[in-house]
Amino acid sequence: MAAWSDLTNDVLEYITSFLTFPDHCRFGAVCKNWRSVSKSRRYPPIPQLPWLVLEEEKETRKRKFYSLSDAKHYSIEIPELHGRYICGSSHGWLFAVDIKITGILINPFTREFFELPPFPPFCKDVDVNTLIEKVPSDYMGGPRDYTFEEMQARIVTKAILSHDPKERSDFTAMIMFGQMNTPAFWRPGDLCWTVVDGQDGSSYDIIYFKENFYVLSPVNVIYVVDFEPEPKLRVVGPQIELYSDALEQYLIDFDGNLLLIERFCGLDEGNPITNGFDVIEPNLEENILYEWYDIDGYALFMGRNSSIFVNASHFPTCKKNGIYFTHIIKSKFACHDFGVYDMTDKKISKLYSFEVFPPPVVLPVWLTPNTW
């Protein structure tokens, strides 16, 4: 029998079509010939469940990830992310902010990235970018007495893309920034972010759905972003009369259906902690709400990422009708509020045991690996 190292390239390439991304990396480490086949990238890795993007290791500065598919942590050297706070993910790309409140858009696995222009003012009275030039070397004493490390986590609260930059060069990036979660957008070649006017209050969430950006307000008004003749928000159809005590709300494109996800909380040692979700389909044309009691065996992944859904039957370790969520309450006792909610039995379980892996100290973000 021929040695494994002597297998022909076409056989080896076919083998790679059955591998996940981590296994593809292991495949390339076997020998010189296998490494050459791995680098040819004829077949992409098979689909995986979303990964969690965690903090960086203090000693090595490697970025930590958690793979839900194989329940393993990975530490990856990504110099572009050193010292940066992850404020969003979309199409497998990360939005990251550094201590000087400048940002990049990066694919962490291919290392492709875009430098982003300075962010708009944090609020009407404080221009963060101007203030940066006047701060002392220890970066303390930021706006409203925040440290600049804390400002990293507050300047951008959500960031998404219209398309994968590897597939379309004319993509649009949209963020919610500052005190009011104001929407603003940027396109490659723009020298600055363009703020979108037309909203009286703050924003809860933003989504790209059927070739348009939609913005959700805390009073359940849904806006569409009009770019011409000038950028502004326009109310979409009759408004949703939804009176809810949900702490947070999200929009998701669920296989062509626009869904509104509500996160409800109880108290744990005085901190709000997730205890349930509602899934609602708003009909904006007829002003009707449809409550969903399950999601047909799928799973949702909610947080600062562009909301993700997967067919749970394709992944043995994925909970059907599960809502995977990430949220961390910053407090004296650091309440780590992330897990998975089962819409069938209305119970919440942990993603993994903290006895095995220490809990994160920054907000984890879901990421769909986009490795090729």
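Predicted model: local features only at pLDDT ≥ 70, side-chain atom pairs only at ≥ 80, totals over all residues.

Residues are numbered from 1 along each chain as its sequence is written, and side-chain values use heavy atoms, with hydrogens and water left out.

**Threonine 326**

T326 lies in strand β22, residues 322–329 (strands are DSSP runs of E, at least two residues, numbered from the N terminus). The T326 side chain comes to 3.1 Å from the backbone oxygen of P364. Contacts of T326 (heavy atoms within 4.5 Å) include L52, M302, D337, F338 and W366, with residues up to four places away in sequence not counted.

**Burial and cysteines**

Buried denotes under 20% relative accessible area, with a 1.4 Å probe and protein chains only.

| Residue | Relative accessible area | Class |
|---|---|---|
| T326 | 3% | buried |
| C31 | 19% | buried |
| C87 | 2% | buried |

The number of disulfides (cysteine sulfur atoms within 2.5 Å) is 0.

**The open sheet**

Four strands form an open antiparallel sheet in the order β12-β13-β14-β15; pairing requires at least two DSSP bridges between two strands. Because β12 (205–209) and β15 (232–235) each have a single partner strand, one side of each lacks a neighbour in the sheet. Strand β12 pairs with β13 (residues 212–216) in the antiparallel sense over 5 bridges. Y208 has F213 of β13 as its bridge partner.

Key
Buried < 20%, exposed > 50% of the residue type's maximum accessible area, 1.4 Å probe, protein only. Polar contact = N/O pair within 3.5 Å; in protein donor to acceptor, adjacent residues only side chain to side chain.
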